[in-house]
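Subject: Structure handover

Hi,

Here is the structure I promised to pass on. Please open it first, then read my notes below.

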Amino acid sequence: MKKAYSLSKTSLLALFLILSVVFACSDDKDDDPKPVDNNPIVATWELEAITPQTAGTTIPNLALIEAAVPCLYDLKVTFKSDNTITTADCPTAVTAIDTFVPISGATWKVENDNLILTKGTTNQSLKFTQTATELKINVNVPASGTSAAVNAVLNFKKV
């Protein structure tokens, strides 16, 4: 009888040692936390207007784009603290804007008064100004037909 007790004590000790080794050898590596960007641009912004940078200038095809994309001014762009960008509420506007400003699947960073958008291997630096409630991004709208390219301002309000 004493031998059975001793055997179970030995078995229990062996089980304890095996479990100790298994849990002691588990991966204790902590993943490095991703850096968090606390720039004031980190927020959700809704497109409010597209205006020419120079008064009296017209933006080629703006009326056509507004007619073809009725949800254009519902577009929301979120600059996240992990330097990624998400969009919401108007995928058609994302497609239209993405042709001259890479916002779909892009990352962002701010250097001085430049917003640098990166998509794949392409970087685009855009001048911008910002208050607590407004964001204005200067973009170059490509020429259409015989008209020259125009600098436009994408006006956003914070939501």
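How many salt bridges does the count come to? The count comes to 5. Please keep in mind that this is a predicted model. I will go through the pairs below, after a quick overview.

**Overall layout**

The chain has 159 residues. Its secondary structure comes to 3 helices and 8 strands. Along the sequence, the pattern reads α-β-α-β-β-α-β-β-β-β-β. Of the residues, 28% count as buried. The chain exposes about 10,400 Å². Carbon and sulfur atoms supply 59% of that area. Among contacts with a separation of 6 or more, 49% come from residues 24 or more positions apart.

**Salt bridges**

Side chains of opposite charge can pair when their charged atoms come close.

Start with Asp98 and Lys119. They form a salt bridge, and their closest N and O atoms are 2.6 Å apart. Asp98 lies in helix H3 (residues 91-98) and Lys119 in strand E5, so the pair ties together parts that are 21 residues apart in sequence. Asp98 is partly exposed, at 21% relative accessible area. Lys119 is also partly exposed, at 31%.

Next, go to Asp113 and Lys127. Their side chains meet in a salt bridge at 3.4 Å, N to O. This pair links distant parts of the chain, 14 residues apart. Asp113 sits in the loop between strand E4 (107-111) and E5. Lys127 belongs to strand E6 (residues 122-130). Asp113 has a relative accessible area of 38%, which is partly exposed. Lys127 is partly exposed too, at 43%.

Then there is Lys109 with Glu111. The closest N and O atoms of this salt bridge are 3.2 Å apart. Lys109 counts as partly exposed at 40% relative accessibility. Glu111 counts as partly exposed at 37%.

Finally, there is a network. Salt bridges link Glu46, Lys76 and Asp89.

**Two residues with positive phi**

Asp89 comes up again here. Its phi is near 75 degrees, a positive value in a residue other than glycine. Asp89 is placed in the loop between E3 and H3. At 48% relative accessibility, Asp89 counts as partly exposed.

Asn83 is the other one to check. It is not a glycine, yet it has a positive phi of about 70 degrees. You will find Asn83 in the loop between E2 and strand E3 (85-88). Is Asn83 buried or exposed? Asn83 is buried, with a relative accessible area of 19%. The cut-off for buried is under 20%.

**The cavity**

Rolling a probe the size of a water molecule over the atoms shows where empty space is left. A search of the whole structure finds 1 cavity of 30 Å³ or more. About 80 Å³ of space lies in the largest cavity.

Which residues line the largest cavity? They are Val77, Phe79, Ile97, Val101, Ile103, Leu115, Leu117, Leu126, Ile137, Leu154 and Phe156. By class, the lining has 11 nonpolar residues, no polar ones and no charged ones.

**A buried asparagine**

At 10% relative accessibility, Asn155 counts as buried. What is Asn155 in contact with, leaving aside its neighbours within four places in sequence? The contacts are Glu46, Leu47, Glu48, Ala49, Ile50, Thr51, Leu135 and Lys136.

**Where to look**

Take the residues around the largest cavity, including Phe79 and Phe156. Then take Asn155 and its contacts, among them Leu135 and Lys136.

Over to you.

Best wishes

Methods:
Residues numbered from 1 in each chain as written. Heavy atoms only, no water. Helix = DSSP H or I, 4+ residues; strand = E, 2+ residues; numbered from the N terminus. Buried < 20%, exposed > 50% of the residue type's maximum accessible area, 1.4 Å probe, protein only. Contact = heavy atoms within 4.5 Å. Areas by Shrake-Rupley, 256 points an atom, 1.4 Å probe, with all protein chains shown as cover. 1 Å grid on protein atoms, 1.4 Å probe; cavity = no way out; pocket = protein on both sides within 12 Å on 5 of 7 lines; lining within 4 Å. Points joined across faces, edges and corners; volume = space filled by probe spheres on them. Nonpolar A, V, L, I, M, F, W, Y, C, P; charged D, E, K, R; others polar. Salt bridge = Lys/Arg side-chain N within 4 Å of Asp/Glu carboxyl O.
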